[in-house]
Structures are given as C-alpha cells and as structure tokens.
Amino acid sequence: MQNIVRRISLTLLFTLMLSACGFQLRGIAELSFKHLYIQGSPLSISRDLKQSFKINGIQVVENVEQAELLLELLSETNEKRILSLSGSGVVREYELNYRVSFRTREPASPTWSAPQTVQSRRDFSYNDVALLGKAEEEVMLNNDMRKDAVREVMRRLTAVKLTAK
C-alpha cells in the first residue's frame with residue numbers, strides 16, 4: 001500500500017514539475033489573416049514558407065484582390081567565411097550565415113512596413129580528409145538555417161495586426 005502511494009505521489013510530482021517548467025508544443029501560429037499574397041523573387045525558402053502557411057490554415061492566393069495581407073520577399077543571402085585556421089594555414093572552421101529580408105502591407109494601404117531581416121548563423125569544423133562528409137554537413141546546416149528562417153518569419157507575422165475594415 002505504501003509503495004502504491006509513493007508511486008502515485010512521484011507521478012503527480014513529476015507531472016506538476018513538467019507543467020510548471022513552461023514546456024509547450026510548438027502548435028500552430030496565431031495569425032490575424034487567412035489569405036496572403038506573396039510577391040517578389042522566388043527564394044529558396046518560398047516552398048517551405050508556403051507549406052508552413054498551409055499547415056497554419058493560411059491560403060496563399062494568386063491575386064492581390066483576394067489577399068488580406070501582402071508579403072514581399074525582398075532578398076536572401078548565403079555567406080560562408082573562414083572562422084579559424086590551423087598553424088599551417090589550413091582551414092579548421094567555417095561560419096555559415098543566412099539572411100532573408102521581407103516586408104508586409106495591407107492591400108488597402110499604399111505604405112509597406114519597414115523591411116525586416118531574419119538571420120541565422122552556424123559554425124562547423126572542417127577537415128580535408130572528410131571532404132564529402134563535410135560537404136554534406138554544410139548542406140544540412142544550410143537547410144536547417146532556412147527552416148529556422150521560415151519559423152522566424154512565421155513568428156514575426158504573428159505580430160502583424162490588420163486594421164479594421
């Protein structure tokens with residue numbers, strides 16, 4: 001009997017501790033619009049961004065008249081720079097940077113919001129001996145940075161509040 005009470009108490013204590021830490025699943029974004037028009041040059045994150053909108057119940061429309069909000073993808077940059085060298089001048093680490101800029105506006109408004117830039121950075125060690133593996137690691141890190149950028153764009157779009165019509 002005492003063992004059962006102890007188990008129940010530990011389970012209850014663990015459950016309370018887990019809920020008190022603030023853990024919460026990511027869930028869907030609370031966006032103030034349901035129809036979005038995307039303009040600007042297609043970027044490498046365009047497909048992932050459209051998929052994220054679809055998951056969150058936002059319809060990407062084909063013409064401006066149907067949209068509640070316009071999203072313009074301005075630019076993206078990928079940079080790779082040397083972070084450190086060995087004593088003999090051989091590259092040991094690289095730094096990868098990814099930036100994407102965008103702005104928004106309501107169709108009725110002639111004024112765009114200030115451009116916003118989302119940036120992500122990763123470091124990775126490099127070794128000529130494992131050239132193929134390191135090239136694959138670089139591709140994976142770049143993909144990861146683009147996914148982070150999509151999540152950050154979605155977070156920033158949750159702050160957009162449409163004016164009453």
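**Notebook: the sheet and its ring contacts**

I began with strand β3 (residues 69–85) and strand β4 (residues 91–105), which pair in the antiparallel sense over 14 bridges; strands here are DSSP runs of E with at least two residues, helices are runs of H or I with at least four, both numbered from the N terminus, and two strands pair if DSSP finds at least two bridges between them. I note that this is a predicted model, in which local features need pLDDT of at least 70 and side-chain atom pairs count only at pLDDT 80 or more, while totals for chains, interfaces and linings use all residues. Residues are numbered from 1 along each chain as its sequence is written, and side-chain values use heavy atoms, with hydrogens and water left out.

On the β5 side, L96 stands opposite R122, where β4 and β5 pair in the antiparallel sense over 10 bridges. In the hairpin of β3 and β4, with five residues between the strands, I found G89 at a positive phi near 85°.

Next I traced the whole sheet, which is open, has five strands in the order β2-β1-β3-β4-β5, and shows mixed pairing. Because β2 (59–60) and β5 (116–125) stand at the edges with a single partner strand each, one side of each is left without a neighbour in the sheet.

For the helices I took contact as heavy atoms within 4.5 Å, and axes as lines fitted to C-alpha atoms (for helices, over the stretch in contact), with angles from 0 to 180 degrees between N-to-C directions. Helix α2 (residues 46–55) lies across β1 (35–40), β2 and β3, and runs at about 130° to β3; helix α3 (residues 131–157) lies across β3, β4 and β5, and runs at about 155° to β5.

Which residues do ring pairs link into a cluster? They are Y94, F124 and Y126, where rings of Phe, Tyr and Trp (its six-membered ring) pair if their centres lie within 6.5 Å, with planes under 30 degrees apart counted as stacked, over 60 as edge-to-face and the rest as tilted. I counted two aromatic pairs by this rule. The ring centres of Y94 and Y126 are 5.4 Å apart and their planes stand at 80°, so the pair is edge-to-face. Since Y94 lies in strand β4 and Y126 in the loop between β5 and α3, the pair ties together parts that are 32 residues apart in sequence.

Finally, I checked burial (buried is under 20% relative accessible area, exposed over 50%, partly exposed in between, with a 1.4 Å probe and protein chains only): Y94 and Y126 are buried, and 11 of the 15 residues of β4 are buried, so β4 is largely enclosed by the rest of the structure.
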